[in-house]
Structure formats: C-alpha cells, structure tokens
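Colleague: I have a protein model on my screen and would like to learn how to read it. Could you walk me through it, step by step?

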Amino acid sequence: MQLRNPYSLAGLVSLLTGGLLVVLGQFIVPVNWVVALGIVLLIMAFIFFVLGRTVPRLPPAYSHLLLQTGLNNIASLIEELGISTRAVYLPPHVTGGQPRALIPLHDDISPHLGDFVPDRLIVRYGENPDDIGLLVTTVGTAAVAMLKQKPGRTLPEMETALTSLMAGTLGVADGASVSESDGHLVIEISQPHIELEETRAGRCLGGPLASLVAAVAAYSHDRPVQVTGEEKVGRGYRVTLKVLA
C-alpha cells in the first residue's frame with residue numbers, strides 16, 4: 001500500500017474509524033446507528049483501497065518528462081533525415097507484434113504496403129527500391145496495449161474503446177465520439193486534459209491524441225490508418241483519419 005496515495009490514506013483512515021465505531025456501538029455503547037455508520041466507513045475503506053490501485057505509480061511530471069524525451073528523440077531523427085511524409089499506423093498482424101507507426105522516407109506508401117513489415121527500426125515495406133521507412137513506437141501504439149480486449153470495427157465499439165482508454169485508463173480527456181464522413185473517420189475528443197502543442201515529430205506522427213486514436217483505429221479495423229487532419233474545436237479536439245485499403 002502506498003501511503004502517499006490519497007486514496008490509500010483515506011482508505012486507512014476510514015478502516016480505522018469504521019472499526020472503532022463498530023466495536024464502540026456493538027460492545028461499549030450499544031447504539032445501532034453507530035454500528036451502521038462504522039459499517040458504512042468500512043465499505044468506503046474498501047472502495048478507497050480499490051481506487052488507490054488505479055492511480056499511476058509514476059508522478060505525472062516524471063511521466064511528462066519520459067514522453068517529452070521520447071518525442072524529442074524521434075523529432076531529432078525525423079529532422080536529421082529530412083522526412084516530411086505522414087506516418088501510417090499499422091495493426092499488429094502487419095508488424096508481427098505490437099502496433100507500430102511506419103514513417104516512409106519518400107512518398108505515400110498506400111499502393112506499395114505489403115502484408116507484413118518486419119519489426120525493426122529501418123524497414124523495407126515494398127518491392128520498389130525507395131520503399132524504405134522508419135518503424136517506431138508512439139504514444140498511441142504503446143497505449144493500445146492497455147486495452148483489455150480488441151475493439152470491433154463498428155463505430156460504437158471503437159468509440160467505447162477510445163472513451164475507456166482516454167477517460168478511464170489514461171485520464172487524458174473526458175471522452176470521444178466517432179463518426180464517418182466522406183470515407184474518413186472523424187473523432188471528436190471532449191475536454192482534453194493535456195497540452196496539445198505542435199512539434200516536429202507531430203508533423204509526421206500527429207499529436208499525442210491523434211496518435212492514440214489512429215493506433216486504436218488501426219487495431220480495431222485491422223487496416224493501416226493515416227492521420228489526415230487534426231484541429232482544436234472550442235474546448236475539444238478533432239482528429240480525421242483515413243483507413244487505407
């Protein structure tokens with residue numbers, strides 16, 4: 001038990017207070033409402049302990065440093081190679097493992113992408129000599145591993161998976177809604193809780209939220225997915241995806 005965790009502290013206090021009230025109301029001052037209050041506090045203690053297990057062990061500031069370090073390293077590599085192409089998020093069956101993002105070094109890869117891409121940093125993904133790219137792990141592809149089960153291809157199933165991941169597991173937004181327009185998936189993210197700044201890596205991979213929804217879409221559809229647009233809309237955020245054939 002981590003006593004620095006506020007839920008664990010509240011649970012410990014509720015457990016001790018509830019236990020004392022039960023003993024007091026049962027044996028010292030026989031009063032039914034005192035016993036009932038003690039039982040309520042014991043139940044609350046159990047709930048607090050369960051909530052305490054959901055709090056991340058890493059402090060948010062340290063997690064932000066890890067995220068920023070990874071993004072800066074990828075951005076430096078992208079800038080050094082002069083890459084300006086949009087990444088394509090690949091489902092696990094294409095990489096033979098976890099979802100990954102493929103950044104082509106030259107042009108659009110959609111007509112050339114094969115059925116399998118080796119899980120390496122520098123990969124050849126087609127038959128043409130120029131079909132070479134970088135296969136990287138992003139915020140989104142790493143977050144997909146936190147899903148308890150694979151979402152289905154329907155829009156409601158994908159919406160449920162995104163809301164569960166964003167609002168429940170990660171706490172980066174209040175929720176997400178998914179719709180389809182002109183052959184593209186449109187994801188409306190409500191009340192994002194993280195700063196959405198434009199970075200060098202974001203021009204290829206998309207921002208953290210775009211990366212997350214693209215990785216989940218690729219996983220649920222079993223198809224490569226590309227981020228075609230992202231923008232702030234009021235207090236929310238909109239991401240547009242294209243599912244490649």
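Modeller: Gladly! One more term is strand, a DSSP run of E with at least two residues, while a helix is a run of H or I with at least four, and both are numbered from the N terminus. Now look at strand β2, residues 100-104: five of its five residues are buried.

Colleague: Before we go on, what kind of model is this, and how are its residues numbered?

Modeller: This is a predicted model, in which local features need pLDDT of at least 70 and side-chain atom pairs count only at pLDDT 80 or more, while totals for chains, interfaces and linings use all residues. Residues are numbered from 1 along each chain as its sequence is written, and side-chain values use heavy atoms, with hydrogens and water left out.

Colleague: Thanks. Which residues of β2 lie on each of its faces?

Modeller: Arg100, Leu102 and Pro104 are on one side, and Ala101 and Ile103 are on the other. These residues are all buried, and both faces of β2 are covered.

Colleague: How many helices and strands does the protein have, and what share of its residues is buried?

Modeller: The protein has eight helices and eight strands. Of its 245 residues, 39% are buried.

Colleague: In what order do the strands sit in the sheet?

Modeller: Pairing comes first: two strands pair if DSSP finds at least two bridges between them. Here eight strands form an open sheet, ordered β3-β4-β2-β1-β7-β8-β6-β5, with antiparallel pairing. The edges are β3 (122-124) and β5 (175-181); each has a single partner strand, so one side of each is left without a neighbour in the sheet. From one strand to the next, the twist averages 35 degrees. For angles such as those I give for helices below, axes are lines fitted to C-alpha atoms, for helices over the stretch in contact, and the angles run from 0 to 180 degrees between N-to-C directions.

Colleague: Which residues face each other across paired strands?

Modeller: Start with β2 again. It pairs with β1 in the antiparallel sense over three bridges, and alanine 101 of β2 is the bridge partner of tyrosine 89. Four bridges join β2 to β4, residues 132-136, also antiparallel, and there alanine 101 stands opposite valine 136. Elsewhere, β7 (225-233) and β8 (236-243) pair in the antiparallel sense over eight bridges, with valine 227 opposite leucine 241.

Colleague: Now the helices. Which strands does helix α6 lie across?

Modeller: Helix α6, residues 155-170, lies across β5, β6 (184-190) and β8, at about 150 degrees to β5. Its buried residues include Met158, Ala161 and Leu162. For what covers them, think of contact, meaning heavy atoms within 4.5 Å: the cover includes α5 (139-143), β5, β6, α8 and β8.

Colleague: Where does α6 bend?

Modeller: A bend at a residue is the angle between axes fitted to the seven residues ending there and the seven starting there. In α6, the bend is about 25 degrees, at serine 164.

Colleague: Last one: which residues does threonine 138 touch?

Modeller: Threonine 138 sits in the loop between β4 and α5, and is buried at 9% relative accessibility. Leaving aside neighbours within four places in sequence, threonine 138 is in contact with Tyr89, Ala101, Leu205 and Ser211.

Notes. Buried means under 20% relative accessible area, exposed over 50%, partly exposed in between (1.4 Å probe, protein chains only).
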